[in-house]
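Please read the numbered points alongside the sequence and the model.

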Amino acid sequence: MASKSEGKEPVNEQVVANMYGAMRSELNQIYSKITELEMEVSEHSLVINAIQPLDQSRRCYRMIGGVLVERTIKEVLPAVQRNKEGLEEVIARLNETLEKKKKEIADFETKYKIRIKKSDDDSKDESNKKEGSAQGVLVGPASSSQ
């Protein structure tokens, strides 16, 4: 019998499929968070590029916690740059987490012989007619020992 080095072992194919779905869902959440933060970094860059050449004593407005405050460019520019750098650090950490999660999913797929059914553009129409909109997650037998 296989050793239980990773804690609880799934008991049947449905449990394995549910675990796999949860892992894929978490991966998608990480992707969407990275995309969201990259958009914010882009917005910060636009603001920095817009206010950098202006007179440092010029008034500008900044939204802080839902409150619009009046400051000078001299006060706002460093804060916006720090926020941008902080967002870039968070994105870097999320990318590391993403790579770990991808490896974890790949190991899980290998361990349970999971294959995702993918169709080419040519066979896509045919498979949709035959199978409807069903997704193809195939799980090997849970009772097999390695």
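1. Val-11, Val-15 and Met-19 together form a nonpolar surface patch with about 250 Å² of accessible area. Areas follow the Shrake-Rupley method with a 1.4 Å probe.

2. This is a predicted model, in which local features need pLDDT of at least 70 and side-chain atom pairs pLDDT 80 or more, while totals for chains, interfaces and linings use all residues. Residues are numbered from 1 along each chain, and side-chain values use heavy atoms, without hydrogens or water.

3. Val-15 belongs to helix 1, residues 13-51. Val-15 is classed as partly exposed because its relative accessibility is 30% (buried is under 20%, exposed over 50%, partly exposed in between).

4. Helix 1 also holds His-44, which counts as buried because its relative accessibility is 16%. A polar atom of the His-44 side chain lies 2.8 Å from the backbone oxygen of Glu-40. Leaving aside residues up to four places away in sequence, His-44 touches Val-80, Asn-83, Lys-84 and Leu-87 (heavy atoms within 4.5 Å).

5. Overall, the protein has three helices and four strands, in the order α-β-β-α-β-α-β from the N terminus; these are DSSP runs, H or I of at least four residues for helices and E of at least two for strands. Of its 146 residues, 21% are buried.

Notes:
Buried < 20%, exposed > 50% of the residue type's maximum accessible area, 1.4 Å probe, protein only. Patch = residues over 30% accessible without salt bridge, like charges linked within 9 Å, V, L, I, M, F, W, Y side chains within 5 Å. Salt bridge = Lys/Arg side-chain N within 4 Å of Asp/Glu carboxyl O. Polar contact = N/O pair within 3.5 Å; in protein donor to acceptor, adjacent residues only side chain to side chain.
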